[in-house]
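Have a look at the model first.

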Amino acid sequence: MDTEIHHAGSHPYGGGILGVPDEILLQIMHCLEFQDIITLGKTCKRLHDPTQDRSIWLHLLRQQQKRLPFPHHISEPSKWAHLSTSSLTSVVRRLRVVEHTWLSERTHYFVPGHRMSCSLDPIFDNDDGARSIYTVEIYLDRWLLCVYHEKIVELWDLDSVLHDPHKPIVCTSQNVRGTGSFSSASTHLDEENSILTIAVSCHELCQVLQVQLRPSSAFYALEEDEDLNDVCFRTIAVIPIPSPVLCLRAVVPARSLLLLSLPSSFHLLNWETGQRTIVHMMSEEEEELWNGVVGATFLTSQHVLVIKSHSIEICTLVDNYHDAPQHPQSYPSESTRHPNRPPESHMYAMVHSHYLHSTTFRGVSFAHPVVHRLTPHAGSASLEPGPTKVSTSFLAFDVLRGLFHFSVTITLPPAAPSGANPEHTAPTPIDVHVQLLSSHNMAMPIALAIPDDGTSTPTGGSAGALPRSGFSHGTRGFVSSCALGPTGRRGVWVERRRGAVRRVVYAFDAASSSAAAGTMEELTGEPMDTAEDVDGHSDREGSHTSSSAPTVDGPPWRGEAINGREVYEVNSYDLRDDITHIAFAEATGLIALGTRKGDIRVLGRAGVY
């Protein structure tokens with residue numbers, strides 16, 4: 001120790017902390033927070049130089065990665081290798097700024113304008129209500145996509161607000177031909193290649209568009225020069241659909257597939273071959289209530305997560321339709337098929353459902369699925385691959401009851417041996433785990449107690465006190481839209497008070513909400529102490545799906561509430577100013593709003609955008 005002290009004292013900067021070797025200083029700085037390192041670097045040149053060490057900023061970035069959503073182009077440590085120290089510093093600083101301002105009130109907004117505009121475009125203000133919005137989305141934390149019912153698709157570059165918040169430009173737009181207005185639309189982003197695929201349908205025609213996107217420059221300056229003229233839509237397919245009542249739900253560009261839905265079946269349409277496959281749902285229970293599809297997303301190539309008005313379903317597609325169980329429903333044969341229609345085939349899907357009879361979902365937003373491939377333990381004698389887990393989360397809203405944040409995990413068994421004949425391989429069951437993570441409760445179902453005499457009375461009073469709707473008065477408001485980020489760590493929703501003119505935008509950190517997961521009691525009304533998995537076995541450690549689980553109204557949920565913060569509000573007597581659509585950039589915190597009138601507003605914040 002004496003030798004080390006003497007060595008420090010002989011340092012050209014003298015004794016004290018200035019004489020500590022750089023290796024020790026770096027170890028100390030690894031224990032400091034961002035602001036402490038910045039402050040330390042401002043004291044003198046001796047302490048500034050170690051703060052520019054690359055390892056310091058890589059360490060801070062790894063710490064941020066544990067709790068914050070990252071833009072995809074820097075989402076993994078392997079993608080940081082090309083970043084300079086100054087770029088790493090910029091990324092860490094930017095992520096920290098967004099973290100501290102994400103839940104703050106937005107002080108201003110801007111309205112996207114067209115490419116030729118030098119200021120806010122009065123035509124786009126849409127005072128005559130000539131446009132109505134079908135969907136609004138933000139991709140790669142940069143590109144704002146808006147699909148209008150009037151067969152218009154437009155794409156804005158939000159990075160332009162870094163230089164001038166009053167002139168975000170339309171990079172590309174497309175007027176889609178066809179009869180009538182858009183009846184449905186679906187999108188898919190290939191994040192690895194930054195290719196956005198948009199499928200839109202009108203009447204009996206579906207068109208598929210693609211556009212090559214660029215990563216956001218909001219975190220660090222991109223080296224290559226950008227030519228935004230290259231960002232343009234191209235039509236890759238125009239294909240007829242069998243019926244105008246079919247609604248687009250999902251797009252799988254890698255397989256050239258469109259997923260269209262009816263309440264009791266799906267249609268898989270291949271835009272390359274024209275092949276149409278009708279997927280029949282082999283549900284174990286007949287549905288008593290109308291149960292329309294609200295949203296759907298592929299978890300794997302064979303498993304589809306479907307959110308319906310009153311249920312959450314996992315559909316396992318089975319390739320060999322002839323192995324399906326006998327079912328009273330009959331399907332058309334090849335000989336009875338209409339000669340002018342494209343070729344079609346039939347398959348079935350095993351459905352695992354959670355029924356939520358007291359809930360009516362109206363909208364849903366999905367996070368991206370995450371695949372976990374489990375490998376055998378090092379000491380295991382078996383070298384065969386282990387099961388695969390696929391997990392995701394979604395945010396769904398019931399207009400009256402509020403907002404619900406769920407997680408879904410499916411466990412897939414190891415793949416069949418390579419020599420097995422798929423024609424004789426029965427569909428293997430999967431383990432499905434559905435969990436209510438958190439919720440924002442509004443009107444609540446009033447449970448009924450069954451006394452000894454067989455009559456039903458409300459649990460909180462006499463029979464005359466039960467409202468006609470069966471729900472409590474709640475907060476006297478309703479949810480009109482919601483969105484969950486691609487990583488599922490942040491979310492937003494829009495709420496309006498009944499009998500008032502105030503519309504409020506809320507933001508929340510989903511990661512903190514999911515730390516204390518709740519139960520399914522609030523939605524199913526049934527205590528989930530013992531739940532059945534899809535094989536009929538009980539499991540007391542989780543809330544596994546069961547297609548035969550009872551669904552009666554029960555006690556209110558006892559888990560954690562979504563801790564939303566007000567970030568923006570609109571006060572107007574005009575119903576056309578209702579906020580009907582919301583989207584946001586999860587990593588940068590930008591929020592886009594669409595109104596009933598067709599206007600778009602992008603919320604910014606002083607000092608950020």
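Which charged end sits over the ring of Y148? That would be R131, 4.9 Å from the ring's centre; a charge sits over a ring if NZ of Lys or CZ of Arg is within 6 Å of the ring centre and within 35 degrees of the ring normal.

A word on ground rules: this is a predicted model, where local features need pLDDT of at least 70, side-chain atom pairs count only at pLDDT 80 or more, and totals for chains, interfaces and linings use all residues. Residues are numbered from 1 along each chain as its sequence is written, and side-chain values use heavy atoms, with hydrogens and water left out.

Now the rings. The structure has 9 aromatic pairs (Phe, Tyr or Trp rings, the six-membered one for Trp, with centres within 6.5 Å; planes under 30 degrees apart are stacked, over 60 edge-to-face, the rest tilted). F361 and F406 are edge-to-face, because their centres are 6.4 Å apart and their planes sit at 85°. This pair links distant parts of the chain, 45 residues apart: F361 is in strand β18 (residues 361–366) and F406 in strand β21 (residues 402–412). Strands here are DSSP E runs of at least two residues, and helices H or I runs of at least four, numbered from the N terminus. Ring pairs also join F361, F366, F394, F404 and F406 into a cluster.

Buried means under 20% relative accessible area, exposed over 50%, partly exposed in between (1.4 Å probe, protein chains only):

| Residue | Relative accessible area | Class |
|---|---|---|
| F361 | 1% | buried |
| F406 | 0% | buried |
| R46 | 8% | buried |

R46 belongs to helix α4 (residues 45–51). Its side chain makes a polar contact with the side chain of D22 at 2.7 Å, and the R46 side chain also reaches the backbone oxygen of V20 at 2.6 Å. A polar contact is a pair of N or O atoms within 3.5 Å; within protein, one must be able to donate a hydrogen and the other to accept it, and residues adjacent in sequence count only if both atoms are side-chain atoms.
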